[in-house]
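Good morning, and thank you for coming. I shall present one structure today, and I would ask you to keep it in view while I speak.

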Amino acid sequence: MGKELVSLKGTKEGLILAIAPKSDFAAVIAALEAKLMTAKDFWRGATVTINSIPAQWTDREREQLLALLEQFEMVLKVSFAPVQSQAHTAGVLPNNDWHRAGNNALIVKRNLRSGQRIVHDGSLVVVGDVNPGAELVATGDIIILGTLRGMAHAGSQGDVTAVVMALSLQPMQLRIANYISRAPDGPMETPAFPEVARISGDRIAVQEYSPLLLFN
């Protein structure tokens, strides 16, 4: 028999989702949905780590995979291995596993609701809102083209130059490297403009967005 198309394996940290390389998207989605449907209540709340996705899948297909897992109320952890340098020697730009050339960024095009968690080795861009109870963790910057009301941790491995930017910055908790800032008690004012949080001195400071803040 050939290698299993898609598998979910339990570990101490949660589930590992493994997809056979060069697998057809439709076949994988059908197989995964059938597997999840056999024990819907069992998967609810489980943390699932996605280590790799076939390189030929489009961003839209990858988003559909995340959406399927979210339908079963699973907590997502995206933890892809770095792009191999062989891609450069072959004269081909790396374009697998949501990696982008240069800063290894992950782009997520969706709103994140309570209980959803995304962890990424690199910078993280969310096109949508991050609602209370949702959590973002990235070793690089976190950029949110929407409202941040959940928790964001940039520079999670100690990078004090990392920043968190949002069109509307209203986090329950904000972390950069080992620095932590919590929301004040009571209702928060809605910012009138995009803002950037970064380390300044010995604390996290929030400033009105300027492109220079992301590069200095």
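Which residue's side chain meets that of Glu4 in a salt bridge? It is Lys35, and the N to O distance in this pair is 3.3 Å. Before I continue, please note that what you see is a predicted model.

Let us locate the two partners. Glu4 belongs to the segment before β1, which spans 6-11, whereas Lys35 belongs to helix α1; the pair therefore ties together parts that are 31 residues apart in sequence.

How many salt bridges are counted in the model? The count comes to five. I shall turn to two others, which share Arg44.

The side chain of Arg44 meets that of Asp41 in a salt bridge, at 3.1 Å from N to O. Arg44 forms a salt bridge with Glu73 as well, and here the closest N and O atoms are 3.4 Å apart. Arg44 sits in the loop between α2 (40-43) and β3 (47-50), and Glu73 sits in the loop between α3 and β4 (75-78), so this pair ties together parts that are 29 residues apart in sequence. Taken together, Asp41, Arg44 and Glu73 are linked in a network of salt bridges.

Consider the accessibility of these three residues. Asp41 has a relative accessibility of 58% and counts as exposed, because the cut-off for that class is over 50%. Arg44 is partly exposed, with a relative accessible area of 44%. Glu73 counts as partly exposed, at 44% relative accessibility.

I now come to the helices. At what angle do α1 and α3 pack? Helix α1, residues 25-37, and helix α3, residues 59-71, pack at about 5°, and their axes are 11 Å apart. Angles under 35 degrees count as roughly parallel, which is why α1 is described as roughly parallel to α3.

On the α1 side of this contact we find Phe25, Ile29, Leu32, Glu33 and Leu36. They meet Glu61, Gln64, Leu65, Leu68 and Leu69 in α3. By class, the residues of this contact comprise seven nonpolar, one polar and two charged.

The last topic is the sheets. If you look for Ile143, you will find it opposite Met165 in β11.

Another open sheet is formed by five strands, ordered β6-β8-β10-β12-β13, again with mixed pairing. Here the edge strands are β6 (117-120) and β13 (179-182), each of which pairs on one side only. From one strand to the next, the twist averages 5°. How many bridges join β6 to β8? There are four, and β6 runs parallel to strand β8, residues 135-138. His120 stands opposite Ala138 in β8.

That concludes my presentation, and I welcome your questions.

Definitions and conventions
Residues are numbered from 1 along each chain as its sequence is written. This is a predicted model: local features need pLDDT of at least 70, side-chain atom pairs count only at pLDDT 80 or more; totals for chains, interfaces and linings use all residues. Side-chain values use heavy atoms; hydrogens and water are left out. Axes are lines fitted to C-alpha atoms, for helices over the stretch in contact, and angles run from 0 to 180 degrees between N-to-C directions. Helices (H or I, at least four residues) and strands (E, at least two) are DSSP runs, numbered from the N terminus. Angles under 35 degrees count as roughly parallel, over 145 as roughly antiparallel, 65 to 115 as roughly perpendicular and the rest as oblique. Contact means heavy atoms within 4.5 Å. Ala, Val, Leu, Ile, Met, Phe, Trp, Tyr, Cys and Pro count as nonpolar, Asp, Glu, Lys and Arg as charged, and the others, Gly among them, as polar. Two strands pair if DSSP finds at least two bridges between them. A salt bridge is a side-chain nitrogen of Lys or Arg within 4 Å of a carboxyl oxygen of Asp or Glu. Buried means under 20% relative accessible area, exposed over 50%, partly exposed in between (1.4 Å probe, protein chains only).
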